[in-house]
Amino acid sequence: MASSTLFSSVAIASLTLSKNPLQSSFLHSSPNPSSLLTLNVLPKKFTKSNKLRTLIVAKSNDSDSADAGDRLISALCYFYPFFDGVQYGKFVITQFYPIQAIIQPLIPAIRVFKSFPFNGFLVFLTLYFFVVRNPNFSRYVRFNTMQAIVLDVLLIFPDLLERGFNPTGGIGLDLLMSLDSTVFLFLLVCLIYGSSSCIIGQLPRLPIVADAADRQVM
């Protein structure tokens, strides 16, 4: 009887000892998978979040949105082709007082721009190499600057036509007056539309020049 009791006590003790290791090993091993799962899952989430955040920032930097500084720089760029081609308004300015009222506040700046023969070329180089080709500026600024440059480059064609065809009277002079007035009014409309759109934060797309500017600005 005593031996059976002793045997049963030993069996119970051994059973208890055999359960404890299983229980302890289970308790020590069960957190590990969860911790490993946490380590495996959370970094992926963080990585995806970081990638998504980087993508959003990249898209915002490459978008056509702009802050106040970008708007101001972009609006000022459209004065460059207008100042360079203001001489084409020599006929229409004298005939329409509202246009004179628009030009009058700009006369001091126009005189400064025209004071040196190479000012236009120097402004062209500055805008193209230091703004359009500068990735530190937003795409909004670079695109609007490129539109202004392309618009100014197009002034070569009426200039060449005026140099080669310079009538002194008759229908030839009427055609020349119409051509000059059309070029000037187009520049004036581009100035008003481009600058006002930039000031309110919209992206102006000028006819003829917008596609060419898109190809130059990446």
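Me: Which glycine follows helix H10, and near what value is its phi?
Reply: This is a predicted model, in which local features need pLDDT of at least 70 and side-chain atom pairs count only at pLDDT 80 or more, while totals for chains, interfaces and linings use all residues. Residues are numbered from 1 along each chain as its sequence is written, and side-chain values use heavy atoms, with hydrogens and water left out. Helices here are DSSP runs of H or I with at least four residues, strands are runs of E with at least two, and both are numbered from the N terminus. The residue that follows H10 is glycine 201, and its phi is positive, near 90°.

Me: How far does H10 reach from its first C-alpha to its last?
Reply: H10 has 30 residues, and the expected span of a helix is 1.5 Å times one less than its number of residues. For H10 that expectation is 44 Å, and the reach in the model is close to it, at 44 Å.

Me: Is isoleucine 208 buried or exposed?
Reply: Isoleucine 208 is found in the loop between H10 (170-199) and H11 (210-216), and it has a positive phi of about 80° although it is not a glycine. Buried means under 20% relative accessible area, exposed over 50% and partly exposed in between, with a 1.4 Å probe and protein chains only. Because its relative accessibility is 66%, isoleucine 208 counts as exposed.

Me: How are H3 and H8 oriented to each other?
Reply: Axes are lines fitted to C-alpha atoms, for helices over the stretch in contact (heavy atoms within 4.5 Å), and angles run from 0 to 180 degrees between N-to-C directions. The axes of H3 and H8 come within 8 Å and cross at roughly 5°. Angles under 35 degrees count as roughly parallel, over 145 as roughly antiparallel, 65 to 115 as roughly perpendicular and the rest as oblique. The crossing angle therefore makes H3, relative to H8, roughly parallel.
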